[in-house]
Amino acid sequence: MTRTPRGLRAAALGVVLALFVTACSSSSGSGPAPSSTGPGPVGLNLEVVSYPSDAAGGTLQLVSSAPWSSLDPARSIYSSDWDFMRFIFRPLLNFEARPGAVRLVGDLATEPAVPTDGGKTWKYTLRSGVKYQDGTVVTSKDVKYAIERPFAQDVIDGGPTYTLCLLSPCDADGVPAYPGPYKDKSPDHLGLSSVETPDDQTIIFHLTKPFADWNFVMALPGSTPVPQSVDQGPDGGANYQQNPVATGPYQISQYEADKITKLVRNTNWDKATDPFRKALPDDVVVTMGISPNDEDSRILTNQADSTVEGTGVQVSNQGTVLTPQYQSRRADGSTGTLRFLSVQQTVAPFDNEHCRRAVQYAVSKSSIQRARGGPYAGGAIAISTYPPTLEGYQPPPDKYPNGPDSTGNLDAARSELQQCGKPDGFTTNMAFANVKKEEDVFQSVQQALARVNIKVNPAQIDQDGYSDVIGTPTEVKKRGLGIINTNWAPDFPSPYGYYHSLVDGEAILPQGNINTAEINEPEINSLIEKSLTATDRQAYLADYRQVDSLTMDQAGIVPYLHERALVVFSSRLKNILFLRAFGNYDFQAMGVNQ
Amino acid sequence: MAEPIVGRSPRQIAWLRLKRDKVAMAGGIVVVLLVLLSLLGPYTVVKWLGHPPGEFHEDLVDSNTGLPIKPHGGIDWSAHFLLGVEPINGRDLFSRIVYGGRVSLLVALAATALAVVLGVVAGILAGYRGGWVDTLIGRTMDMLLAFPVLLFAIALAAVDPGFIPAGRIGVIVFVIGFFSWPYLGRVIRGQVFTLREKEFVESARSLGAGTGHILFRQILPNLWGPILVYSSLILPTNILFEAALSFLGAGVQSPTPSWGKMLADAPPFATGDPTFMIVPGVALFITVLAFNLFGDGLRDALDPRGIG
């Protein structure tokens, strides 16, 4: 499986929100919740749709500080972009527009596939009557064509690439045999033999090996049909992202990169064929390329309705947003991101597990929580790697009890140091990006570890090159980075999607590595391998709780926060719905008061 | 006047003039206090108040907003937080100002010393030898003065791995010192140029004095005036330079306290905790102003054309 650069993935928020919100809302959100899950919601209750409305009309005003990763459904990588694409595109499957647990529904297809052939064959039936914005009827061949496009990585790059090696045998370098539709010798450019289209309504995938999460991959925008007539013309290929063809309720009427994106209604979209979209506003305007502070002030003054990124208000506005005045306009959803310290077994003395465990005990998670913005804007203190918002979560055992207020357990840390043969402590380096919050995290860690005589020197790295450095194991070893501050959110919200890149020994890469701690435990690897052929979902989930437990035993990951983002909305915004799958709010569900 | 005319040495005249200049004296007193505070503060005041600069006081900060709980940036004289606490981690601002002042003064003094040594040596060489040496040094100074110093410093900071804080300070001292000596070098060169033609140099030379004797015994004593004046004026510039580098992230790295770094960290909290921005800003302002006033007074006092 190919991976996108670390930074992109960090931004690509994945999984999501959780049981703990349920737990807290049922206790009316007043009493303090268990320390492992943090306080209850500080604003809107995300377990329900806030300000429900069916009133159509008006203009939804969104703001974004970043450009789109791409508007080509096969090339976008930010989960916030995927969220936005629900306005325009209809992949085979999608995440149902409802609060609470993630549920896949058929979007272009009628329903999620039930695998046959031991998890290798997946068959979908398309809904009839779905049309492109020009009125042409969508067929299964258009979906097959769309699936073929990212095989041409020289043209269609940047997007997720889970499908490639699963649909065409890959060589040792991970390059699939099929060259993509632009070099396809067959006259109809549909030469990918593993995808069958027996008729216009049916598409069947024959995978090279079992892959239990195929339905999740088909819920990414990459399975959105692409008309071959356009893509093989001058507006296709690398240029397709300028004006992609809509199948959803809106189409692009204006797009200037990093400035503005305007959507108007797609008259060829038929509500009767759509399982969940409300399509309330008449048009949608995304103002792009403005500073995060400017985004906040536009929303606070009702000039805009919501950000696209959903990463939370700036520190400078946090105090304002937390005043009672904004109680009904703020929310703090879990982004699904785990923030953690990676403790490198390749850097002495962390080759000794007891020295790693000393760090587990000695850190002050409550201090790091402050550095990240506190319980609402920063997140809930984490005691294991399993996000409370991920399917199959059960409260994990606390393997490294960190003291009653999570400030550290110094006696346990000293005892581990003793067993490590370093009773007088040692010196190490900690890598962190040169932004204020990361510096604050470093200082917290430095302070906390100094209490047990572990001296931590700063290894500050420019933010732009940060993922390159920490994603290159040889560089980590060469620079002697014993502790690395990092985070992880998967592309799709399944335990496999979450754990494979994070802890699978098979997934350690020479560059663009996500398994920063270089965890390579045979038991973990085989559990993950086994999950690909799983048919019993409960056993599958239990296996992943075991993966979490083994990861904590290995002690190379010091989880400190299940991230939350404190966001604010305009006072006219209706139908606010938190989508756990993206850790963000469902833009296509939003409506505005006129 | 009936008083007998008393002969005074140039040094006495300068001191008399300086004493009469109240503004310069005020500046001088503040400078002395600042130096004393930086040198002795960590062993006295900061120790007595009991809050080391790196110590976290998280109980004094609101965990939801990161802002100090007490008003005015958490100023609490009864608990010995004279200037309040830093947002997020609650470190004592007074302690950090004192320690940050140490870093600022240390860097500025070391960089100034480097600049003076380089400037004087280069200036004397160029002025005394003339010819191609003068041309070479003159062109070098032109080049350095035209150099984009700030960009160079930022680039250098990016190359530096930043593992060793002392190493980082060394880099900053080098960058600031190396790029500020030409100012002094030019002045010294001009002075030496006229001094070497003076009668006392001629007579020393005719008596058979060596180059070393002429340079250091005859010429150098006449240069103390400009050297003093220029170093007292470069010093505050260097303090600002250090703050600018730290502000831009190319200077001293946390957790080492630095005024520039504090100013860089302050803007996000400016609305909720303006004290955090005002305190290091005022410290920087007072220090630079005091050095400038004192330096100006010194220049006037040492100016032979001045009114005695």
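Colleague: Where is A:Ala555 found in chain A?
Modeller: A:Ala555 sits in the loop between helix 19 and strand 16 of chain A; helices (H or I, at least four residues) and strands (E, at least two) are DSSP runs, numbered from the N terminus. This is a predicted model, in which local features need pLDDT of at least 70, side-chain atom pairs count only at pLDDT 80 or more, and totals for chains, interfaces and linings use all residues. Residues are numbered from 1 along each chain as its sequence is written, while chains are lettered from A and ligands numbered from 1 in the order in which they are written.

Colleague: Why does A:Ala555 count as buried?
Modeller: A residue is buried if 20 or more other C-beta atoms lie within 10 Å of its own, exposed if 12 or fewer, and partly exposed in between, with C-beta atoms placed from the backbone. A:Ala555 has 24 C-beta neighbours inside 10 Å, so it is buried. Its phi is positive, about 70°, although A:Ala555 is not a glycine. Most residues other than glycine have a negative phi.

Colleague: What makes A:His189 buried?
Modeller: A:His189 has 20 other C-beta atoms within 10 Å, so it is buried. A:His189 is in the loop between helix 5 (164-167) and strand 5 (195-196) of chain A, and its phi, near 55°, is a positive value in a residue other than glycine.

Colleague: What kind of peptide bond joins A:Ala348 and A:Pro349?
Modeller: That bond is cis, with omega about 0°. A:Pro349 belongs to the loop between strand 11 and helix 10 of chain A.

Colleague: Why is helix 10 of chain A called largely enclosed by the rest of the structure?
Modeller: Eight of the ten residues of helix 10 (residues 353-362) are buried, so the description holds. Among them are A:Cys355, A:Arg356, A:Arg357 and A:Tyr361. The buried residues of helix 10 pack against elements including helix 13 (410-420), helix 14 (436-450) and strand 15 (481-488) of chain A.

Colleague: Why are helix 17 and helix 19 of chain A called roughly parallel?
Modeller: Their axes come within 11 Å and cross at roughly 30°. Axes are lines fitted to C-alpha atoms, for helices over the stretch in contact, and angles run from 0 to 180 degrees between N-to-C directions. Angles under 35 degrees count as roughly parallel, over 145 as roughly antiparallel, 65 to 115 as roughly perpendicular and the rest as oblique. Helix 17 and helix 19 are therefore roughly parallel to each other. A:Pro495, A:Tyr499 and A:Val503 of helix 17 meet A:Leu541, A:Tyr544, A:Val547 and A:Thr551 of helix 19, two residues being in contact if their C-beta atoms, placed from the backbone, lie within 7 Å.

Colleague: How many residues of each class are in the contact of helix 17 with helix 19 of chain A?
Modeller: The contact has six nonpolar, one polar and no charged residues. Ala, Val, Leu, Ile, Met, Phe, Trp, Tyr, Cys and Pro count as nonpolar, Asp, Glu, Lys and Arg as charged, and the others, Gly among them, as polar.

Colleague: Which element gives the largest share of the side of chain A that touches chain B?
Modeller: In total, 26 residues of chain A are in contact with 25 residues of chain B. Helix 14 of chain A gives the largest share of the chain A side, six residues. By class, that side has seven nonpolar, 14 polar and five charged residues.
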